[in-house]
Amino acid sequence: STALPFEAGSFDRYMSNMGGCCVSDLDAKLREAYRVLAPGGIAAMSMRLEAGDGDSSFALINETLKPLGYPAAAQDREGLQLGKDLAALKAKLRSVGFKGEVAWRTWVILPVHDEFAFSSFATSFPPVQKWFSGLDEATRAEATEALRAAGKAVLETGAIQVAVAAVVAKK
């Protein structure tokens with residue numbers, strides 16, 4: 001449920017970090033954000049972009065594990081796709097009453113500093129956890145080593161980052 005336990009107009013600020021990508025009903029989430037904001041209130045939200053340019057986290061996990069049979073199907077939740085079209089994202093906010101929308105794409109750097117931390121991060125992701133639970137011991141070890149190697153390669157030239165869209169709008 002996206003219903004918040006607060007009266008309408010309770011807040012002058014609403015913040016949802018990486019929450020827009022995880023809800024099954026993005027429209028309901030946005031309506032609820034608008035409802036709890038006081039007139040003139042500001043909403044700031046971000047959402048992960050599925051296979052977004054420059055993503056070296058979730059996209060890397062999918063690419064690394066796919067040869068081992070990981071079913072890296074694209075996620076179909078609207079919040080994972082909408083930020084790829086910033087005009088559509090702003091229009092979605094206007095449709096529930098927001099105004100003055102400013103939207104952009106960026107990256108969130110994850111606090112992953114070595115290949116072991118990347119492997120741990122990857123295997124904590126629920127779809128990967130579920131897939132790992134069905135693997136035999138040898139394939140699980142191979143997948144873990146592949147994740148470590150992939151993480152190490154990225155970290156040698158940069159950081160593990162998530163592609164996101166961010167938006168700020170006013171009630």
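Is phenylalanine 118 buried or exposed? Phenylalanine 118 is buried, because its relative accessible area is 0%; buried means under 20%, exposed over 50% and partly exposed in between, with a 1.4 Å probe and protein chains only.

Before I go on, the ground rules. This is a predicted model, in which local features need pLDDT of at least 70 and side-chain atom pairs count only at pLDDT 80 or more, while totals for chains, interfaces and linings use all residues. Residues are numbered from 1 along each chain as its sequence is written, and side-chain values use heavy atoms, with hydrogens and water left out.

Now the cores. A nonpolar core here is a set of buried Ala, Val, Leu, Ile, Met, Phe, Trp, Tyr and Cys residues joined through side-chain atoms within 4.5 Å. The largest one has 24 residues, and Tyr14, Met45, Leu89, Leu93 and Phe98 have the most contacts inside it. Two or more residues each come from α1, β2 (37–48), α4 (86–95) and β4 (161–170); helices (H or I, at least four residues) and strands (E, at least two) are DSSP runs, numbered from the N terminus. Apart from this core lies another, of 21 residues, including Phe58, Phe118, Leu135 and Leu147. In soluble globular proteins, nonpolar side chains tend to be buried together.

Next, the rings. The structure holds seven aromatic pairs. Rings of Phe, Tyr and Trp (its six-membered ring) pair if their centres lie within 6.5 Å; planes under 30 degrees apart are stacked, over 60 edge-to-face, and the rest tilted. Phenylalanine 118 and phenylalanine 121 form a tilted pair, because their planes are at 40 degrees, with centres 6.4 Å apart. Both sit in helix α5 (residues 115–124), and because they are three residues apart, about one helical turn separates them. Phenylalanine 121 counts as partly exposed, at 21% relative accessibility. Ring pairs link Phe58, Phe118, Phe121 and Phe125 into a cluster.

The criterion is NZ of Lys or CZ of Arg within 6 Å of the ring centre and within 35 degrees of the ring normal. Likewise, the charged end of lysine 171 sits over the ring of tyrosine 34, at 4.6 Å from its centre.

Last, a backbone item. Methionine 18, in the loop between β1 (11–16) and α1 (26–36), has a phi near 65 degrees, a positive value in a residue other than glycine. Methionine 18 counts as partly exposed, at 21% relative accessibility.
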